[in-house]
Amino acid sequence: MTRILGIDFGTKRLGLAFGDSATSVAAPLETIELNGADPVKLVCEIIERDGYDYVVVGAPMETNSRVRATVLTFATRLEKMSGVQVSLVDEHLTSKMADIIAKEHGGREHDDALAAALIVEAFLNNVNNLNA
């Protein structure tokens, strides 16, 4: 079994989700307000505390995107500092889907943790991503 941490990355907050490769289950965990904190340090602490083996980060797939460059820098630093493999997953429409799901269930308009769960789900649905 591989414990997967999914991240919906933002400059102000991070949506976090849990994934399990053995069961292909993904579930939202929490949204963390950064308030100027280093997101890499925060996530490294979570990885160590909760024993994650793998990290997936949602990223736009447009190669000339400033947001993609920011996410790529975050993912590269995270992999280097944590020692855990980090993969980028196309986040296309995950925030919009999270909004729709949240509204259907009476939640708030945007849920970053739910978006992170959808990112993990997309990763788990691609069987070529991880051999666990």
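Visitor: In what order do the strands of the open sheet stand?
Guide: Strands of a sheet pair through backbone hydrogen bonds, either parallel or antiparallel. In this model, five strands form an open sheet in the order 3-2-1-4-5, and the pairing is mixed. Strand 3 and strand 5 are the edge strands, each pairing on one side only. From one strand to the next, the twist averages 25°. Such angles run from 0 to 180 degrees between N-to-C directions, with axes fitted to C-alpha atoms (for helices, over the stretch in contact). Two strands count as paired if DSSP finds at least two bridges between them. Strands (E, at least two residues) and helices (H or I, at least four) are DSSP runs numbered from the N terminus.

Visitor: What should I know about the model before reading on?
Guide: The model is predicted: local features need pLDDT of at least 70, side-chain atom pairs count only at pLDDT 80 or more, and totals for chains, interfaces and linings use all residues. Residues are numbered from 1 along each chain as its sequence is written, and side-chain values use heavy atoms, with hydrogens and water left out.

Visitor: How many bridges join strand 1 to strand 2?
Guide: Strand 1 (residues 3–8) and strand 2 run antiparallel and are joined by six bridges. Asp8 has Gly15 of strand 2 as its bridge partner. On this sheet packs helix 2, which touches strand 1, strand 4 (54–59) and strand 5. The direction of helix 2 makes about 160° with that of strand 5.

Visitor: How many residues lie between strand 2 and strand 3 in their hairpin?
Guide: Four residues lie between them, and Ser24 in the turn has a positive phi of about 60°. The two strands pair in the antiparallel sense over eight bridges. Arg13, for instance, stands opposite Glu33 in strand 3.

Visitor: Which side chain meets that of Arg13 in a salt bridge?
Guide: Side chains of opposite charge can pair when their charged atoms come close. A salt bridge is counted when a side-chain nitrogen of Lys or Arg is within 4 Å of a carboxyl oxygen of Asp or Glu. The side chain of Arg13 meets that of Asp112 at 2.5 Å, N to O. Because Asp112 lies in helix 4 (residues 112–125) and Arg13 in strand 2 (residues 13–20), the pair ties together parts that are 99 residues apart in sequence. Asp112 is buried at 6% relative accessible area, whereas Arg13 is partly exposed at 31%. Buried means under 20% relative accessible area, exposed over 50%, and partly exposed in between, using a 1.4 Å probe and protein chains only.

Visitor: How many salt bridges does the structure hold?
Guide: It holds three. One of them joins the side chains of Asp38 and Arg77 at 2.9 Å, N to O. Asp38 is in the loop between strand 3 (25–33) and helix 1 (39–50) and Arg77 is in helix 2 (residues 66–82), so this pair links parts that are 39 residues apart in sequence. Asp38 is partly exposed at 22%, and Arg77 is partly exposed at 35%. Another brings together the side chains of Arg49 and Asp50 at 3.0 Å, N to O. Here Arg49 is exposed at 58%, while Asp50 is partly exposed at 27%.

Visitor: Is helix 4 mostly covered or uncovered?
Guide: Helix 4 is mostly covered, with 11 of its 14 residues buried. Among them are Leu114, Leu118, Ile119, Phe123 and Leu124. From first C-alpha to last, helix 4 reaches 20 Å, close to the 20 Å expected at 1.5 Å a residue. That expected span is 1.5 Å times one less than the number of residues.

Visitor: Which residues does Ser87 touch?
Guide: Contact means heavy atoms within 4.5 Å. Leaving out residues up to four places away in sequence, Ser87 touches Tyr54, Val55, Val56, Val57 and Phe123. Ser87 sits in strand 5 (residues 85–90) and is buried at 16% relative accessibility. Its side chain makes a polar contact of 2.6 Å with that of Tyr54. A polar contact is a pair of N or O atoms within 3.5 Å; within protein, one must be able to donate a hydrogen and the other to accept it, and residues adjacent in sequence count only if both atoms are side-chain atoms.
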